[in-house]
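Hi,

Here is the structure I said I would pass on to you.

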Amino acid sequence: MTRIDGRLVARCTAVLAGLALCATAHAAQKELVIGVSDALTGPGAVYGLPQSNAVQMAVDDTNAKGGIKVGQDVYKLRVVAYDDKANPTEATNSVRKLIDRDGAQYLLGFCCSGPTSAVASFIGRENVTMLVGNAAERAITAQGIPNLFRTRPPADFTGSAAGAFVAKRGVKTIAVIGSLDVSFYSQYLEAFEREFTKKGGKILAKETFGLKDRDMTPQLTKVRALNPEALLVLGYVEPCAFVYRQAVELGMKMPRYGFTSGSEEQFLKVATSEQMEGVWDLRPTELTVSALGERANAYVAEYTKRFGIPPSPSSPYAYDQFYVLKHAIEKAGSVDPKKVQDAIRSGGIPPEAIMRYLPVGSAMFDENGQAYTTNGAFQWQKGKWVYVSDLPSDPVAYSKYLRSLRK
Amino acid sequence: MSRALRVGIGAAVALAALALPHALTVPYFLHLTILACIWTVLAQGQNLVQGFSGYVSIAAGGFMAIGAYASALLSVKGGWPVWTSMALAPFVAAALALVVGYPSLRVKGHYFAIVTLAYNLVIVTVLNNYESFTGGEAGMPNIQRPAALVLGGLQLSFAGREGYYYLVLLAAAAATAGGALVLHSRVGRVLIAIRQNEMVVDALGVAAWRYKLFAFVASGFLAGLAGALYAHFIGFLNPEPFGTDQSMNAILAVTLGGSGTLLGPIVGAFLVVTLPEYLRVADTYRLVVYGLLLVLATIFMPRGIVPMVSRGFRGMATRLAAALRPRPDPTP
């Protein structure tokens with residue numbers, strides 16, 4: 001009969017026990033896919049790529065701290081990001097791929113309104129949670145889609161505050177140059193005009209340019225002949241930077257107001273700091289350290305270190321999305337999207353949030369799934385956007401208005 | 001290829017197409033297949049003008065937009081049944097093609113291409129700016145799918161992707177069958193003659209413009225049908241997907257698959273839809289890789305994939321037949 005070595009038995013037992021422990025630990029640690037659909041190339045990439053980076057950064061930080069603990073399980077997170085090129089069909093394809101193939105139940109990103117609206121048209125039928133970032137088209141949250149939330153306020157929420165601000169500064173006549181065929185700029189202008197004319201102001205001209213236009217001198221020449229007291233420029237960063245630059249080149253010295261949300265680096269690619277001097281940006285109080293404080297400072301430093309360039313002002317909308325989601329999952333004690341949606345709806349502002357949100361009641365999101373940030377007046381001073389003051393904003397009244405649009 | 005073999009291959013392809021939704025484990029691939037079928041309808045229309053008569057139209061995206069918006073507006077704003085809207089939309093696009101095609105076909109070659117490019121730009125600009133009607137850049141949400149049909153006690157629902165797949169498959173098959181009918185008719189022969197030498201056609205007393213106009217209007221009709229199918233599948237419309245990029249992709253689908261062939265537009269449509277999606281692994285370089293692949297394909301396969309593959313098969317068959325032929329006895 002073969003003699004069994006006692007030490008061998010002990011070693012085998014130890015190995016088996018070790019394997020069993022590993023298996024238990026492995027079973028408790030799971031993976032959660034975070035899907036990102038955003039414009040990573042093309043004209044929308046100035047907003048989409050920084051958003052995607054911001055989500056990746058937040059996820060990396062969370063993973064480095066051990067992941068998200070849900071009951072007995074710990075979830076490590078994996079980001080799968082696809083380029084939607086700011087195109088509705090591409091966005092539909094990338095979101096379908098995220099849901100159907102990659103198994104993503106949480107979708108973040110969404111910087112541009114057209115593709116976001118396309119996804120919003122079917123997302124209500126899916127068992128997923130969608131958090132929208134920079135896309136500002138009002139209709140996205142006006143429909144009351146139960147599994148859709150947005151961190152950025154709609155453009156007209158800011159537009160009316162901007163109209164009141166410009167009128168208060170004594171401007172009586174203004175000319176508008178902008179991407180007026182892009183809906184959220186036209187919605188901004190509509191709200192701006194309502195407040196501005198209510199206070200006695202008059203819009204002398206509305207000139208439009210395309211997203212890819214770079215020569216704005218025809219519009220500027222036409223506007224100059226009308227002799228307005230100020231200029232209002234609405235659009236994506238690059239074309240607007242050309243407007244500011246060419247206005248100076250044409251000798252136009254009137255105050256220039258705008259709504260672009262571009263960073264210093266983005267503007268300085270097109271215009272010099274001298275050409276930008278004195279320009280106002282009237283927008284949600286986005287990433288300006290002087291307006292948002294130390295947490296924003298740390299965010300800018302970390303982002304710059306990791307990606308080699310400073311973040312765009314609107315990128316924290318996506319960073320904040322992730323922390324909204326993280327706290328909602330922890331609060332729900334589940335990764336079931338429906339329970340997580342309930343937790344988001346009743347949850348407050350996450351402590352890691354970079355933007356300054358205005359809660360509606362005690363919650364961050366209103367009944368439409370919409371969050372509101374403060375609006376601010378920023379002015380270009382010596383190469384930097386400087387926060388000057390808040391713009392008057394009423395999220396409760398706007399929330400009621402948004403609810404009234406639902407069919 | 002013998003007739004029996006052709007029928008056999010056709011039946012096998014038809015069976016595979018019918019069984020596809022049950023064979024796919026990831027619904028995302030069904031989503032892409034639906035888009036590819038819609039693209040097949042568009043590319044078959046483009047093939048009538050570009051492949052058969054040799055005229056390059058850069059307005060396919062614009063006519064697709066007309067079909068999409070016509071169907072969406074009739075059903076969403078007009079309150080018409082979706083089926084009626086979808087059925088009428090191609091006729092709206094065809095009517096516009098008739099109106100703009102009549103003066104446009106007076107010019108030839110590159111000038112015709114430039115005129116149609118202008119139409120596409122005008123259509124997109126109008127859709128963008130006529131906000132009160134089209135929703136402009138903000139678009140039109142909540143475009144419904146067609147209602148379920150009951151045929152012989154069997155309910156066919158189109159709310160899900162599987163039902164919609166069969167609808168677009170039917171449309172793609174009908175567009176291909178329509179192309180085959182034209183190709184093998186007198187009209188098709190005249191169109192091909194126009195492609196080869198329009199002056200000779202005119203000299204023979206054939207009114208070439210009538211045939212070209214027919215091809216242009218039929219192309220507009222199919223683009224309109226593709227647009228209606230697209231609108232009710234995606235559920236949201238704005239002018240972005242109907243720009244000149246879309247028209248160029250329609251040209252590309254025909255060129256890549258095989259201009260003037262029946263199978264070419266099908267192959268081209270599937271490539272144009274699926275290739276950029278599969279290249280997502282190349283991340284931000286995917287469009288560079290896509291562009292490079294297209295350039296290489298155009299250089300090395302100028303007549304398209306289908307003619308090249310057909311030639312390859314014919315060569316193989318000839319060699320096989322030669323190898324199987326009994327050799328003469330070498331002994332004296």
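This is a predicted model: local features need pLDDT of at least 70, side-chain atom pairs count only at pLDDT 80 or more; totals for chains, interfaces and linings use all residues.

On the chain B side, 22 residues are in contact with 26 residues of chain A. Two helices of chain B, α2 (27-52) and α5 (109-129), each give two or more residues to that side. The largest share comes from α2(B), with three residues. Sorted by class, the side of chain B that touches chain A has nine nonpolar, nine polar and four charged residues.

Now stay in chain B and find helices α7 (residues 161-183) and α9 (residues 208-234). Their axes come within 12 Å and cross at roughly 175 degrees. How do they run relative to each other, parallel or antiparallel? Angles over 145 degrees count as roughly antiparallel, so α7(B) and α9(B) are roughly antiparallel to each other. Where they touch, Tyr164(B), Val168(B), Ala171(B) and Ala175(B) from α7(B) meet Leu222(B), Leu225(B), Leu229(B) and Phe233(B) from α9(B). By class, that contact has eight nonpolar residues, with no polar and no charged ones.

Over to chain A, which is divided into two domains: domain 1 covers 28-155 + 291-375, and domain 2 covers 156-289. Taken over C-alpha atoms, the centres of these two domains of chain A are 29 Å apart. Between them, 30 residues of domain 1 of chain A are in contact with 25 residues of domain 2 of chain A. On the domain 1 side, α12 (289-292) and α13 (294-307) of chain A each supply at least two residues. It is α13(A) that gives the most, with three residues. This side of domain 1 has 18 nonpolar, eight polar and four charged residues.

Last, some strands in chain A. Strand β1 (residues 29-38) runs parallel to strand β3 (residues 73-83), and ten bridges join them. Look for Val33(A), which stands opposite Arg78(A) in β3(A). Strand β2 (residues 68-70) pairs with β3(A) too, but in the antiparallel sense and over three bridges. There, Val70(A) stands opposite Asp73(A). The hairpin of β2(A) and β3(A) has two residues between the strands, and in it Gly71(A) takes a positive phi near 60 degrees.

Happy browsing!

How values were computed
Residues are numbered from 1 along each chain as its sequence is written. Chains are lettered from A and ligands numbered from 1 in the order in which they are written. Domain bounds come from an automatic or database domain assignment. Two residues are in contact if their C-beta atoms, placed from the backbone, lie within 7 Å. Helices (H or I, at least four residues) and strands (E, at least two) are DSSP runs, numbered from the N terminus. Ala, Val, Leu, Ile, Met, Phe, Trp, Tyr, Cys and Pro count as nonpolar, Asp, Glu, Lys and Arg as charged, and the others, Gly among them, as polar. Two strands pair if DSSP finds at least two bridges between them. Axes are lines fitted to C-alpha atoms, for helices over the stretch in contact, and angles run from 0 to 180 degrees between N-to-C directions. Angles under 35 degrees count as roughly parallel, over 145 as roughly antiparallel, 65 to 115 as roughly perpendicular and the rest as oblique.
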